[in-house]
Amino acid sequence: MSDWDLDAAQRDALAALLLTLADDEFVLGFWDSEWTGIAPMLEEDVATSSISQDEIGHARAWYELLASLTDDNADRLAFGRAPEEYRHAALLNHARTDWAFTVARRFLYEQADATRLEALSRSSQAPVAELAAKMRREETYHLMHFEVWLRRMAEAGGEARRRLAEALQRLWPEAQAVLAPLFGEEALLAAGILPEPMESLRARWVERIQATLAANGLPQLPAVEPDPQGRTHRTDDFAWLHGQFTMVARSDEAATW
Amino acid sequence: MVVQAAVRDPRELAVRAALDEIPDPEIPAISVVELGVIGEVAFEPRREGGERLSVELLPTFVGCPAIDVMRQQIGERLTALNVADEVEVRLTFAPPWTSDRISPEGREKLRGSGFAPPLRIGPSFDGQELQMYLAQATCPYCGSQNTTLDNPFGPTLCRAIYHCDNCRQPFEQFKSV
């Protein structure tokens, strides 16, 4: 798909970055696809399913780009790894839980993803910049959708607002992992592959989150540093999900698609 | 639009005409050309001799499940044209497909089959602009702008669901994206 002109350090760092992008979208897409059929209302059932399908499509595109860089195979990357080899951010380690939890997780994640894609659309590596620019247009719909839900639940007050605020508090430390410093980040920055340090992206994201929370009368969240294990620590919830999404691939490993 | 070179391979016209007969798999009323998913068409010499016809295909959505079907149909149709020794259909996101690429004919045909065409939105948009775009849709049946958005996410990735408060028809809009 692409001819890459990178030295070994740049290639390894870019490969690690692409894996985080792909795994985030892949795991989130699978978790939220579990709402298909049981979302709070019919229209939301369609919306969550459509958004999840988008995320799996984005994951596929990132896995394919990674496969072209490391001479690998996108299906193997998606379905052929052990749970501990996945590199999604820690807030994606949990089962879908209740609707407030899903809205809180989506809101935190979509804002972080938007901030990240905005930066990557200026990457010196054209295939990365082109894909990020294309995804941004689609992700704008996702972010808008979950900000509408955030407002709706905050304005509803009572149990909806309480559950939402609790989920935001619970997920906030683990959400930092989406924009935590990257493996080989110096090499990525020097080559302009990543145009801006993750630390500055994270600061911008925190500002946007706090501003939206304030606008909706929700409590501010405390300053917190990302956990260095934020993309490597895995949970029983994720082990279960991994069993689910690899089930078909494992049933016949020699099959072609 | 790109300014075209003075001399153009006449075979390109035949290729584009053939592509204009291939329907979009999800909205068959419009062709892949009218949908705007066809990029550059080029005839290139091959290292091993002969010529390769190379056609760029711009996916509407990154995760569009119809893209493999489109790619296959385009490949088969152009191979049958017999204008080159080989046909290559290459996916690209440069330039990105946007709904602004749907042609005027495509927009008319969308309307004719009960879809509101997308609004023209330019090279980029943010969440606030998107909310503004989503609030406006013209009913493809009665032309009223007295419409309500039911769901920005419809039966396929590229469709939103509306309701016309004038003629009381539900309808879909091809998403502005």
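Modeller: Let us begin with contacts: two residues are in contact if their C-beta atoms, placed from the backbone, lie within 7 Å. Please keep in mind throughout that this is a predicted model. By that criterion, residues 24 or more positions apart account for 74% of the contacts in chain A with a separation of 6 or more.

Biologist: What makes chain A as compact as a globular protein of its length?

Modeller: The radius of gyration of chain A is 18 Å, and the globule rule gives 18 Å for 257 residues, so chain A is as compact as a globular protein of that length. Taken along the principal axes, the C-alpha atoms of chain A fill a box of roughly 55 × 45 × 30 Å. Chain A has ten helices and zero strands.

Biologist: How do you know which residues of chain A count as buried, and what share do they make up?

Modeller: A residue is called buried if 20 or more other C-beta atoms lie within 10 Å of its own, and buried residues make up 45% of the 257 residues in chain A.

Biologist: Why is a set of residues called a nonpolar core, and which members of the largest one touch the most others?

Modeller: The term applies to buried residues of the kinds Ala, Val, Leu, Ile, Met, Phe, Trp, Tyr and Cys that are joined through C-beta atoms within 7 Å. The largest such core has 90 residues, among which Leu18(A), Leu66(A) and Val103(A) touch the most other members. Helix 1 of chain A, residues 8-33, contributes the largest share of this core, with eleven residues. A second, separate core holds eight residues, including Ala116(B), Ala137(B), Cys139(B) and Ile161(B).

Biologist: What makes strand 1 and strand 3 of chain B edge strands?

Modeller: Two strands pair if DSSP finds at least two bridges between them. The three strands of chain B form an open sheet in the order 1-2-3, with mixed pairing, and strand 1 (38-45) and strand 3 (86-91) each pair on one side only, which is what an edge strand does here.

Biologist: How do you know that strand 2 and strand 3 of chain B pair?

Modeller: At least two bridges are needed, and strand 2 (residues 51-57) and strand 3 of chain B have six, in the parallel sense. In one of the pairings with strand 3 of chain B, Val55(B) has Val89(B) as its bridge partner.

Notes: Residues numbered from 1 in each chain as written. Chains lettered and ligands numbered in written order. Predicted model: local features only at pLDDT ≥ 70, side-chain atom pairs only at ≥ 80, totals over all residues. Buried ≥ 20, exposed ≤ 12 C-beta atoms within 10 Å, placed from the backbone. Helix = DSSP H or I, 4+ residues; strand = E, 2+ residues; numbered from the N terminus. Rg over C-alpha atoms; globule rule 2.2 N^0.38 Å.
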